[in-house]
Amino acid sequence: MRKKIFPYLLSILFVTIATFIGEAAKGILEPTNISMLYLLIVVLSAVLWGMPSAILTSVISVLCFDFFLIPPYMTFTVSHVQYVFTLIGFLIVGIVISVLTSKVRDAVLQRQTEKLQNAILNSITHDLKTPLSVITGSLSSLLEGNSKLREEEKTILVKDSLSEAEGLNEIVNDLLEMSRIDSGALKISKKPCDLRDVIDSSAEKMRRRIKNKRIVTEISEEIQEIPLDFAYMMKVFNYLFDNASKYADGGEIKVKASVAGKNAVIEVSDSGSGVPERDLEKIFDKFYRSANEKRAKGTGLGLSICRGIIESHGGRIHAEMSGLGGLSVIISIPMEK
Amino acid sequence: MSEGARILVIDDEQNIRKFLKSSLTSNGYFFMEADDGAGGISASLNLHPDVIILDLGLPDIDGFEVLRRIRKRSKTPVIILSVRDSVDDKVRALEEGADDYLSKPFDSKELTARVKAVLRRLLPVEQKEVLEAGKLYIDFTKRIISVNGKEIEITPTEYEVLKLLVVNLGNVVTRRQLLSQVWGKSEKTEGALHLLNVTVRNLRAKLSREGDESISIITEPCIGYRFTLK
């Protein structure tokens, strides 16, 4: 809400400043010259904030211009008919400028959004088509060179196809889950669950993926049963543990849970290379992948899916730098039904 | 002996039936097929399969309905295949009488393991002396469990739970089965599920202490547990 009022308040401030300048220049410049100053502000408002605030600026400018700078001063009446034309002309020009400038602004913004969308589509295309290329390529090579290939070569082609297909399955599942979240079709059914059980089950499932990392849990005694969708919460931890294993070598993954007011607060931290401060919120964007790391496998949807699931529980999730040097993901879930 | 067991596959996708035939026959099973619900139901009655593999996405009759009709007339174990993998679908399948649920796409080795597990259940309960599952070794007569040659200390309750899971290797054992066979309690009893969860958690901790990566007790959310080897 605050963000929305800002442009209007600033526009009014600019008009006020222009009026003061106008007052100061009253004797020196003709009113019509001062009006240029107001038009400048209208342009500024249109470029920065778009049509609605620019139009507000135009209207208030005309009123201030009339009241303060056109004789008789401090009234809305004018001493000469010509000023009526000035004011009308001013208003028309102001509005036309507002409309045209904001159209240009919108076009520029549109192009930026399209660029971003294209980048994302290119990323998905790559992620889907690459495994398919391996599968199609490997299997067709197998068919083509069937008599000439040695057994080991054939086995490698088949194994590669299988492993790429498994990776592709995960990508498809991620995309489906994200689709469900976006379309509001995600159905959470909460039942009282033991958080320790969820974490333990997830850790067991991800054990092969996490390999050389230990998961250390510190769960407060105050945490009893929490209304959760067990399967979906397990997915959240699966993603978090998977991320920690991808972006942090060695070390441990720490899971802390405690009570804060009416919520259970769960913190999952790793000792990896972490994420720069400015990206801490961006990592929850769809398809975000950290630019500096070697391109790890995965869609970049994990954290956005986590956010979708947590928010469906009525909770919140965000990230901070962890004390261990890596990333800390913090989840807050209401403990009452 | 599971060799030569008769497996009926009910799936409308020809290519799926093709690779299942390839995989199952190479494991020594006798392969039979049906490509729709009506055909599947009649085959289940007339061809006397030992195991039925049923796809839920059939063109003529709803998969759950086919399952229900098969169950009305026979106790033949049924393994469900489906592209849908939500917890609700899995729970419903098991409640309607299926013995296991595998979501597509799946590794053919995984299906073979489930078929073997389900066939093992059919065998008369022999008084086995020992069972080896990967690095895990159970001596039933002495009630000793060892991993990697080292004996592990577990409580009698933990032993019973682990035994039930291992004997059903690869198959899901429902919470209801575990609670009733090990504790004689029902799921609805206050604190029963919690007791089960804690026991499994302790078991996992003890098994993983030996550092064996291959043994896992996987949680099937809202359904039960599955002991697997990888």
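Mentor: The largest cavity has a volume of about 50 Å³, and it belongs to a predicted model.

Trainee: How many cavities of 30 Å³ or more does a search of the whole structure find?

Mentor: Such a search finds two cavities. The lining of the largest cavity includes B:Lys90, B:Leu94, B:Asp100 and B:Tyr101, and the elements that give two or more residues to this lining are helix 4 (87–95) and strand 5 (100–103) of chain B.

Trainee: What makes up the lining of the largest cavity by class?

Mentor: There are four nonpolar residues and four charged residues, with no polar residue.

Trainee: Why is A:Val81 called exposed?

Mentor: The cut-off for exposed is over 50% relative accessible area, and A:Val81 has 55%, so the residue counts as exposed. A:Val81 lies in helix 4 (residues 81–144) of chain A, and together with residues including A:Val84 and A:Phe85 it forms a nonpolar surface patch with about 670 Å² of accessible area.

Trainee: What makes the phi of A:Met74 worth noting, and where does the residue lie?

Mentor: The phi of A:Met74 is positive, about 65°, although the residue is not a glycine, and A:Met74 is in the loop between helix 3 (51–69) and helix 4 of chain A.

Trainee: How do you know whether B:His48 is buried or exposed?

Mentor: Buried means under 20% and exposed over 50%; B:His48 has 57% relative accessibility, and therefore it counts as exposed. B:His48 also has a positive phi, near 50°, and lies in the loop between helix 2 (37–46) and strand 3 (51–55) of chain B.

Methods
Residues numbered from 1 in each chain as written. Chains lettered and ligands numbered in written order. Predicted model: local features only at pLDDT ≥ 70, side-chain atom pairs only at ≥ 80, totals over all residues. Heavy atoms only, no water. 1 Å grid on protein atoms, 1.4 Å probe; cavity = no way out; pocket = protein on both sides within 12 Å on 5 of 7 lines; lining within 4 Å. Points joined across faces, edges and corners; volume = space filled by probe spheres on them. Helix = DSSP H or I, 4+ residues; strand = E, 2+ residues; numbered from the N terminus. Nonpolar A, V, L, I, M, F, W, Y, C, P; charged D, E, K, R; others polar. Patch = residues over 30% accessible without salt bridge, like charges linked within 9 Å, V, L, I, M, F, W, Y side chains within 5 Å. Areas by Shrake-Rupley, 256 points an atom, 1.4 Å probe, with all protein chains shown as cover. Salt bridge = Lys/Arg side-chain N within 4 Å of Asp/Glu carboxyl O. Buried < 20%, exposed > 50% of the residue type's maximum accessible area, 1.4 Å probe, protein only.
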